[in-house]
Amino acid sequence: MADHSPADPGRAARRQAAAPAKPRRTSPLVVAGRTIACATSLAVLCGSGFSWYAYTSLTTGLTTSTALSAVKKSAPPHLDNSVNILLIGLDSRKDMNGNDLPKQFVQDELNAGSSSIGGYNTNTLIVLHIPANGGKVTALSIPRDDYVQTQGADGRMHKIKEAYGIAKAAADAKLANKGLSKAQEEQQSREAGRAATLATVQNFLGIPIDHFAEVNLLGFYDIAQALGPIQVCLNHATSDPAETGQGSGFSGTAGINTLNASQALAFVRQRHNLPGGDLDRTHRQQAFISSAEYKLKQEGVFGDLGKMQNLFNVVKKDVVIDDQWNILDFAQQAPNLTGGNVEFNTLPIAGFETVGGEDVNKVNPVQIKQIIQTLFGHDPAPAPADTSSPAPASAAAPSSAAPAAQLSGTVDVYNASTVTGAAADESKALVGMGLKAGRVTEASSHPKTTTVSYGAGEKDSADAVAARYGVSASPSSAVAAGHIQVILGTGYTPPGGPAAAPPAASSPGAGGGASADPAASLPMQGPPVKMGGIPCVN
């Protein structure tokens with residue numbers, strides 16, 4: 001269902017360390033870790049020499065979906081033999097048949113609120129791109145609040161996470177008097193939600209989705225329990241006191257933390273008291289996936305049929321995959337999934353806005369498709385004329401569909417961090433966005449989190465600058481008209497690359513064998529998270 005949370009005047013504050021977030025009514029779930037656990041486990045079957053018998057014994061009983069077939073005709077064309085997989089984390093406190101999860105389990109064990117919270121939002125959307133030559137896998141997270149043209153029930157502008165719930169609700173209304181059981185209606189309406197999500201992502205990115213996997217709240221907990229204690233790493237100590245439906249209950253110290261299943265769920269749910277809010281939480285999803293894969297590899301699960309069988313006994317009841325997925329063929333294409341040769345990036349946003357009382361991420365669909373083109377090594381299919389994502393109705397110029405480089409103003413960059421030359425590097429990157437270079441010097445104040453403030457006439461450009469650092473821009477009478485001021489905080493780490501427009505289409509793809517990483521030159525949302533170990537995040 002749509003997230004009708006009220007406007008959040010504290011959104012800017014949420015991205016400042018000194019001011020905790022104003023909680024929303026809903027408490028979204030981040031569930032990517034459980035999905036990748038299924039995908040990576042399946043990917044190694046052939047590489048480990050398992051027989052067809054072993055393969056079928058592991059995979060028989062997985063729930064399958066026909067939703068992919070429903071959107072095949074409208075998908076952009078395939079231009080090579082690469083494979084695109086969408087991992088869906090569904091924020092639902094209900095089981096596969098539509099029954100509420102036990103109150104004691106959800107509220108007391110998980111601090112996850114009641115069954116009425118979360119609806120059917122897809123709070124995790126990650127695309128895995130496996131190149132045709134089996135090279136390096138590229139993983140891209142789509143921020144859940146991106147304001148896009150959705151496909152399915154109403155075809156209007158919504159947060160991308162809402163496509164599933166809106167289509168499901170419309171299907172429920174049509175199925176209400178069909179004489180179906182509650183379980184049958186739930187299963188059929190969820191298929192409508194899946195199809196809407198697949199179509200929306202395909203349209204937004206300009207690529208076809210070949211396969212997908214979906215898991216919800218209970219699945220994460222079950223898989224985290226099956227994996228046993230998981231180690232994660234934090235850049236700084238943090239705490240998110242549990243308030244039913246709001247705080248996650250997570251508390252961690254700087255460095256390595258060992259988490260049980262409940263703590264793991266709290267780790268990937270936290271968004272309050274983080275400098276980047278939701279965007280930092282996206283990086284936590286990625287870090288958890290890396291840590292889980294690292295643990296499985298270190299413990300020899302990928303090469304042990306018995307250990308894998310135990311894991312799959314849990315996965316089978318929690319995961320939904322498309323019915324066209326030939327796992328054996330896929331495993332032969334994707335050995336890098338379990339070899340640590342995967343890098344996660346987060347697609348950029350163009351700023352923040354409030355539309356109809358809801359906080360949304362402004363996005364630039366043209367820029368997003370250019371990024372996909374660069375990373376995947378071929379031109380994306382042109383989007384239909386009616387699917388370009390305009391700026392929210394309340395947004396001032398420029399439109400979110402305008403090229404990201406069309407900015408104005410002079411940017412002054414002050415360095416309060418310990419990163420030598422950071423102010424000069426960031427000034428060059430921001431000039432690449434179309435801004436004019438201003439002062440570049442050391443800061444006199446030392447905020448923990450990077451801050452962006454602006455003088456008269458520069459709100460829109462400042463919003464685009466702030467999006468680079470995962471913060472919100474604030475007006476300031478101390479900043480001259482026509483100027484934007486950036487103070488790189490003490491906790492600053494360089495973003496994923498310069499914020500200039502994406503390179504031309506001739507840039508090599510993720511698996512093209514180029515020596516340089518194409519993602520390093522793209523305006524991603526924060527630094528990349530690489531698999532193969534235990535990465536540190538906020």
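Helices (H or I, at least four residues) and strands (E, at least two) are taken as DSSP runs and numbered from the N terminus. The structure is a predicted model, in which local features need pLDDT of at least 70 and side-chain atom pairs count only at pLDDT 80 or more, whereas totals for chains, interfaces and linings use all residues. Residues are numbered from 1 along each chain as its sequence is written, and side-chain values use heavy atoms, with hydrogens and water left out.

The protein chain contains 15 helices and 22 strands. Of its 538 residues, 59% count as buried, where buried means under 20% relative accessible area, exposed over 50% and partly exposed in between, with a 1.4 Å probe and protein chains only. Among contacts (heavy atoms within 4.5 Å) with a separation of 6 or more in the protein chain, 78% are accounted for by residues 24 or more positions apart.

Helix α7 (residues 182–205) includes Q202, which is buried, with a relative accessible area of 2%. When neighbours within four places in sequence are left aside, Q202 is in contact with V71, A75, P76, I207, P208 and I209.

A nonpolar core is defined as a set of buried Ala, Val, Leu, Ile, Met, Phe, Trp, Tyr and Cys residues joined through side-chain atoms within 4.5 Å. The largest nonpolar core has 46 residues, of which I85, L128, F220, L227, F267, F288 and F344 touch the most other members. Apart from it lies another core, of 34 residues, including V71, I142, A195 and M524.

Two packed helices are described by the angle between their axes and the distance between the axes. Axes are lines fitted to C-alpha atoms, for helices over the stretch in contact, and angles run from 0 to 180 degrees between N-to-C directions. Angles under 35 degrees count as roughly parallel, over 145 as roughly antiparallel, 65 to 115 as roughly perpendicular and the rest as oblique.

Helix α8 (residues 217–227) packs with helix α11 (residues 305–315) at an angle of about 165°, their axes being 9 Å apart, and the two are therefore roughly antiparallel to each other. In this pair D222, I223, A226 and L227 of α8 meet L311, V314 and V315 of α11. The contact of α8 with α11 comprises six nonpolar, no polar and one charged residues, with Ala, Val, Leu, Ile, Met, Phe, Trp, Tyr, Cys and Pro counted as nonpolar, Asp, Glu, Lys and Arg as charged, and the others, Gly among them, as polar.

For helix α14 (residues 422–431) and helix α15 (residues 459–469), the axes come within 12 Å and cross at roughly 130°; α14 and α15 are therefore oblique to each other. Here E426, A429 and L430 in α14 meet V465, R468 and Y469 in α15, a contact that divides into four nonpolar, no polar and two charged residues.

Helix α9 (residues 261–269) and helix α10 (residues 278–298) have axes 8 Å apart and pack at an angle of about 140°, and are therefore oblique to each other. A264, F267, V268 and R269 in α9 meet R281, R284 and F288 in α10, and by class the contact of α9 with α10 has four nonpolar, no polar and three charged residues. In the loop between α9 and α10 is found N273, which has a positive phi of about 65° although it is not a glycine. At 33% relative accessibility, N273 counts as partly exposed.
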